[in-house]
Structure formats: structure tokens, C-alpha cells
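Open the model in your viewer and keep the selection tool ready. The tour goes stop by stop.

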Amino acid sequence: MIPPEADAEFAAQMEEVLEVYCRPYDPLHPVVCMDEQPVQLVKEVRRPIPATRGHARRVDYEYERAGTAAIFLFCEPLVGWRQATARERRTKSDWATEVAALLDGRYADCERITLICDNLNTHTKGAFYEVFPAERARQYVRRIEFVYTPKHGSWLNVAECELSCLTRQCLAGRRVGELRLLQEEIAAWSGDLNARQRGVDWQMTAEDARCKLKSVYPKIIL
């Protein structure tokens with residue numbers, strides 16, 4: 001996405017995200033990035049012909065649409081961990097349920113997490129109140145520091161980079177026709193990378209942004 005010019009709100013939110021990435025690792029307050037993506041489920045109409053020594057695997061051009069699904073990807077850049085799940089939809093309830101599962105599971109012993117996500121209208125504190133009783137919803141919200149990427153600045157989210165890798169390495173050029181199969185495939189992808197502990201070496205800082213993205217900042221006349 002092309003960032004706007006002379007946009008103070010964009011610059012402020014961008015620098016907030018960049019400062020979060022500069023924090024040292026804190027196991028009691030980890031930085032977690034999340035992104036999501038719709039997926040078209042596609043079934044084979046005819047059984048593919050397996051690959052042989054003389055021919056690659058052959059797939060008929062005809063296919064059948066089997067609805068859609070949504071992939072939710074969470075990653076913790078400093079420790080090289082990511083989790084990819086899939087659901088039928090990507091509503092407020094789906095998002096809140098996925099985040100709550102992380103707070104109750106992997107981050108159960110953490111005092112708080114910093115959650116970097118984009119500005120979708122589903123990524124709100126109120127989403128928890130649509131799924132859980134008020135007392136429990138408040139407990140979840142207290143444990144989350146929300147940091148939003150600016151509009152037209154989703155490239156600042158490490159989870160978007162991870163989601164792009166998942167699409168290229170796991171789903172591109174393939175037909176997946178069932179939600180269950182999609183869940184298995186993306187779980188295998190994330191499990192393989194977690195086993196290798198492939199980390200993320202984020203280099204850009206606020207100082208770099210002020211130099212390389214000067215057009216984003218308002219011109220101040222002294």
C-alpha cells in the first residue's frame with residue numbers, strides 16, 4: 001500500500017509500532033502480531049493423476065467452489081513462533097475467540113501481551129463483550145495492550161509478512177476444498193517453521209522512517 005503524504009496520524013501510529021519492535025524481549029509481556037486473510041475453498045471435480053518419472057502431477061482445469069474460510073495468523077517475532085488457524089468466518093466473535101484462546105493457552109502465565117494488528121472494525125475491545133460475560137471480557141482486555149498499524153500501513157505488521165509466506169509456501173497453486181484440510185495444512189506449515197525457530201530480524205526504526213519516509217511527515221515551518 002502507498003502511504004499518504006504529510007499525514008501526522010499515519011506518522012504517529014507508524015512510530016508507535018516501530019518503537020514496540022525495538023523493545024527487548026520480555027517473557028511476561030511479549031509482543032504478538034496478528035493478521036487475517038479470506039480464502040476461497042476449491043474442490044477437485046476429477047481425481048488428479050499422480051506424478052511419475054515422466055510427468056509432473058496432472059490436475060484437470062475444472063474445479064468446484066466450496067465456499068470461503070478465514071485464516072488467522074499470530075506470530076511472536078522475537079522468538080520465531082507463529083500459529084495459523086482457520087475458521088468459517090472472520091467476525092468480531094471469531095477474532096475475540098482466537099485471541100482469548102492464546103491468552104488462556106500459550107500466554108496464560110503472561111501478565112500482559114502487546115497485540116499489533118490493523119484497524120479492522122472487528123479488532124476491538126468490544127468484541128470480547130460480544131462473546132464472553134462482562135467480567136471475563138474485562139479480564140481479557142486488561143491483559144492486552146493494543147497497538148494498531150496506520151491505515152495504508154499494514155506492511156508494518158510482521159504478521160502480514162508471515163501470512164504472505166504462508167500463502168506462497170503452503171497454498172499457492174493448490175486446491176483445498178474443506179475447512180478441516182485447510183486447518184491441517186496451515187498447522188503443518190506453522191509447526192514446521194516453529195520447529196526450526198525461524199525468527200524475524202526487523203531492522204526499521206523510527207529514526208530510519210524519518211529519513212526514508214520524509215513525505216509521510218507534515219512539513220513544519222519554523
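Helices (H or I, at least four residues) and strands (E, at least two) are DSSP runs, numbered from the N terminus. This is a predicted model: local features need pLDDT of at least 70, side-chain atom pairs count only at pLDDT 80 or more, and totals for chains, interfaces and linings use all residues. Residues are numbered from 1 along each chain as its sequence is written, and side-chain values use heavy atoms, without hydrogens and water.

Select A6. It sits in the segment before α1 (8-21). Its phi is positive, about 50°, although A6 is not a glycine. A6 is partly exposed, at 43% relative accessible area (buried is under 20%, exposed over 50%, partly exposed in between; 1.4 Å probe, protein chains only).

Jump to H152, in the loop between β5 (144-148) and α5 (158-171). Here too a residue other than glycine has a positive phi, near 65°. H152 is partly exposed, with a relative accessible area of 46%.

Now show α4, residues 134-142. Which of its residues are buried? They are A137, Y140 and V141. These lie on the same side of α4, because they cover an arc of only 95° around the axis. (The arc is that of the directions from the helix axis to the C-beta atoms.) Turn to the other side of α4: E135 and R142 are exposed there.

Together the four form a positive surface patch. K125 is in the loop between β4 (113-117) and α3 (126-129). K125 is partly exposed, with 45% relative accessible area. Patch residues have over 30% relative accessible area and no salt bridge, with like charges joined within 9 Å and nonpolar side chains (Val, Leu, Ile, Met, Phe, Trp, Tyr) within 5 Å. A salt bridge puts a side-chain nitrogen of Lys or Arg within 4 Å of a carboxyl oxygen of Asp or Glu.

Conventions. Areas by Shrake-Rupley, 256 points an atom, 1.4 Å probe, with all protein chains shown as cover. Lys, Arg positive; Asp, Glu negative; His and termini not counted. Charge placed at Lys NZ, Arg CZ, Asp CG, Glu CD.
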